[in-house]
Amino acid sequence: MNSEVRRRIRIIGAPIDALDWSVVVERISRWATKGESRVVCICNAHSVVTSKKDERFLRIISEADMATPDGAPVAWMIRMLGMFNQSRINGPDLMWRYCAYAEKVGEKVYLYGASESTLEKLQVNLLNSFPALKIVGAYSPPFRALSVEEDKAIVDHINRSGARVVWVGLGCPKQEQWMAAHRDFIQAVMIGVGAAFDYHAGTVLRAPLWMQRYGLEWFYRLLNEPRRLWRRYLITNTLFIWYAACQLLFSRRRGSYLE
């Protein structure tokens, strides 16, 4: 599945692609045009720490067709390990940029995840910004595992819709697990974008641009949703800092982490 020459750097164990925005859009477009079943993971500090503790999740990231550095800490680590111009390739911006591209080329997209009300608002906002965007379906899965019959029905619906890109907004690690389980069954590029559905639907406010630029988006989210996110950001970020410091010290002794 991975025929491209990839430059990947292990960030505390997780192999993350070192690449720029133009390469990301070009690869997704090429796969989508061919109707290929692909998995794209957007990896922030929470993702890479999870992969450190969960071998199954690490396997999903390792086998993904592309794993981009979401989150300022992950992009910063890649720069520290030798790829000095690495940008943050995050879910919300990737979804917005690619929808603009999909509108221009007439590519069909599908939305999977979030609540029905969020999906309704998301579609309205996307079409307000990209009137010609072809959204060929949207599905809000229940808060339980789908039966085999239900899962087959949604897979058939996505494939019949002609969607070439499926945006998946289930949150980490559920969205990555879902995409990995549906590789080769869904004939489209599956991209897990986390909170992008809520941001673009307007149900959750995104951090101001200056906070995004300085890597403080996580802090803004923590201030707005402390009860739900305190464990993820305070504990996970602390672990990320510890693991990253150990890796940087080790890398100076052993050399590059470039694969």
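Student: Which residues form one aromatic cluster with Tyr98?

Tutor: The model is predicted. By the ring-pairing rule, the count comes to 5 aromatic pairs. One aromatic cluster holds Tyr98 together with Tyr101 and Trp167.

Student: Are the rings of Tyr112 and Tyr139 stacked, edge-to-face or tilted?

Tutor: A pair of aromatic rings is described by the distance of the centres and the angle of the planes. For Tyr112 and Tyr139, the centres are 5.6 Å apart and the planes stand at 35 degrees. An angle under 30 degrees would count as stacked and one over 60 as edge-to-face. The pair of Tyr112 and Tyr139 is therefore tilted.

Student: How many residues apart are Tyr112 and Tyr139?

Tutor: Tyr112 belongs to strand S5 (residues 108-113), and Tyr139 belongs to strand S6 (residues 134-139). The pair thus links distant parts of the chain, and its members are 27 residues apart.

Student: Is Tyr112 buried or exposed?

Tutor: Buried means under 20% relative accessible area. Tyr112 has 2% relative accessibility, so Tyr112 counts as buried.

Student: Which ring lies under the charged end of Arg97?

Tutor: The charged end of Arg97 is 4.0 Å from the centre of the ring in question. That ring belongs to Trp21.

Student: Why is helix H2 described as largely enclosed by the rest of the structure?

Tutor: Helix H2 covers residues 45-53. Its buried residues include Ala45, His46 and Val48. Helix H2 is largely enclosed because the buried residues number 7 of the 9.

Student: Which residue caps the N-terminal end of H2?

Tutor: A side-chain oxygen of the capping residue lies 3.1 Å from the backbone nitrogen of His46. The residue that caps H2 is Asn44.

Conventions:
Residues are numbered from 1 along each chain as its sequence is written. This is a predicted model: local features need pLDDT of at least 70, side-chain atom pairs count only at pLDDT 80 or more; totals for chains, interfaces and linings use all residues. Side-chain values use heavy atoms; hydrogens and water are left out. Rings of Phe, Tyr and Trp (its six-membered ring) pair if their centres lie within 6.5 Å; planes under 30 degrees apart count as stacked, over 60 as edge-to-face and the rest as tilted. Helices (H or I, at least four residues) and strands (E, at least two) are DSSP runs, numbered from the N terminus. Buried means under 20% relative accessible area, exposed over 50%, partly exposed in between (1.4 Å probe, protein chains only). A charge sits over a ring if NZ of Lys or CZ of Arg is within 6 Å of the ring centre and within 35 degrees of the ring normal. A polar contact is a pair of N or O atoms within 3.5 Å; within protein, one must be able to donate a hydrogen and the other to accept it, and residues adjacent in sequence count only if both atoms are side-chain atoms.
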